[in-house]
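Here is a friendly look at how parts of this protein pack together. Have the sequence and the 3D view open as you read.

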Amino acid sequence: MDEDVILYGQEFESIMERLLANVPEDLDTREGSVIYNALAPAGWEIQLLYEELNLVLTEAFADTCSLDYLIRRAKERLVEYKRGEPAIVKGVFTPADLDVTGIRFVEEESELIFAAIEKLADGEYKLECEESGVIGNLTQGQLIPVDTEEVEDLETAEIVDCLEPGRDDEDVEDFRERYFDNVAGQDFGGNLADYKNKVNSLEHVGGCKIVPVWNGGGTVKVIVLDHTHSVPSDGVVREVQSVMDPIENSGEGKGIAPIGHRVTVAGAEPVNMNITAFVAYAEGYDYALAQASIAAALDAYFEELRIAWGDAPADIGTIVRISQIENRLLNLTEILDIEETAINGSAKNVLLQGQQVPVRGTFNGA
């Protein structure tokens, strides 16, 4: 909706023209006259009233409303907005007998602050990032205590792994699309669309495939990716299983799945894409200097494939194309040319099975 449509003809000048038209002709209505100055404040207030009415119309419809009102509209159909979550990483500290529970640390390079929230083992702790989002998904980094007096005996502190990836707030337009998919979908009583909508709406799910009657009548297999479009952890799989159809009450309708449906939840199967190629590097570059850019380009391509993975039917697999890999790498400033590219030893495109997703493996660019 054009936000100016409702204001057409309701601007201050048009309002004043209508107000003054009702004043007797023998009275002075020129700008600056007593009559004009008396009506002008009312004219401004009327224009503001129309602007507020325009805002009401804008916020009343899902295609134009802002996030706050879209969240309220979506709740009417039990579609929840996915808010960002902080990353949980694993920290290792020495000496191992030092208790750092509750201590805050800053990661040296990113300057993000992490707090030790749970002890895993001697010298090993869960650390929660104080900032939500993927920015906290660190797998390594040196930690410095915010208050050194709290841990005077600390020798070393570092991040060694990302246990639970953080998540950014859901993009507003993605959420709007998800709402309209829910409205337009033919989801009912445990059909494919119903399963797909309900699974995709779960907090830590970023995509899914539904396999009906996969192990006999009444059985349903749900294959998922996590909210970062990566292969989910065992914890995410257990969480989805519990919500859909708890194992201890399978088929009893204690979860989202209808009575009689026995649901098995599994993570998508990762397949390493090991790539070899003859690469001509730009002047001043070699593989060591281009390695980070190559990894980022390949990760971006494989992530795009994983994002699209859930849109295809369960029996349709993902195609990893050599041409796409070469195009992504040729766009890098570090690379002049590339040829004889192969994936997992083959010079052909790779067709994955429906439950499989591509992840970056090794790269050998001689």
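The report below covers a pair of packed helices and then the nonpolar cores. Please keep in mind that this is a predicted model.

**A helix pair**

Two packed helices are described by the angle between their axes and the distance between the axes. Here, helix α3 (residues 67–75) packs with helix α4 (residues 172–184) at an angle of about 25 degrees, and their axes lie 11 Å apart. Angles under 35 degrees count as roughly parallel, and α3 and α4 are therefore roughly parallel to each other. Their crossing is left-handed. The residues that make the contact are set out here:

| Helix | Contact residues |
|---|---|
| α3 | Leu67, Leu70, Ile71, Arg73, Ala74 |
| α4 | Val172, Phe175, Arg176, Tyr179 |

By type, the residues of this contact divide into seven nonpolar, two charged and no polar.

In soluble globular proteins, nonpolar side chains tend to be buried together. The largest nonpolar core in this model has 24 residues, and Ile294, Val320 and Leu329 touch the most other members. At least two residues of this core come from each of β10 (269–281), α7 (287–309), α8 (322–330) and β12 (335–343). Helix α7 supplies the largest share, seven residues.

Note on methods: Residues are numbered from 1 along each chain as its sequence is written. This is a predicted model: local features need pLDDT of at least 70, side-chain atom pairs count only at pLDDT 80 or more; totals for chains, interfaces and linings use all residues. Side-chain values use heavy atoms; hydrogens and water are left out. Axes are lines fitted to C-alpha atoms, for helices over the stretch in contact, and angles run from 0 to 180 degrees between N-to-C directions. Helices (H or I, at least four residues) and strands (E, at least two) are DSSP runs, numbered from the N terminus. Angles under 35 degrees count as roughly parallel, over 145 as roughly antiparallel, 65 to 115 as roughly perpendicular and the rest as oblique. A crossing is left-handed if the near helix is turned anticlockwise from the far one by less than a right angle, and right-handed if clockwise. Contact means heavy atoms within 4.5 Å. Ala, Val, Leu, Ile, Met, Phe, Trp, Tyr, Cys and Pro count as nonpolar, Asp, Glu, Lys and Arg as charged, and the others, Gly among them, as polar. A nonpolar core is a set of buried Ala, Val, Leu, Ile, Met, Phe, Trp, Tyr and Cys residues joined through side-chain atoms within 4.5 Å. Buried means under 20% relative accessible area, exposed over 50%, partly exposed in between (1.4 Å probe, protein chains only).
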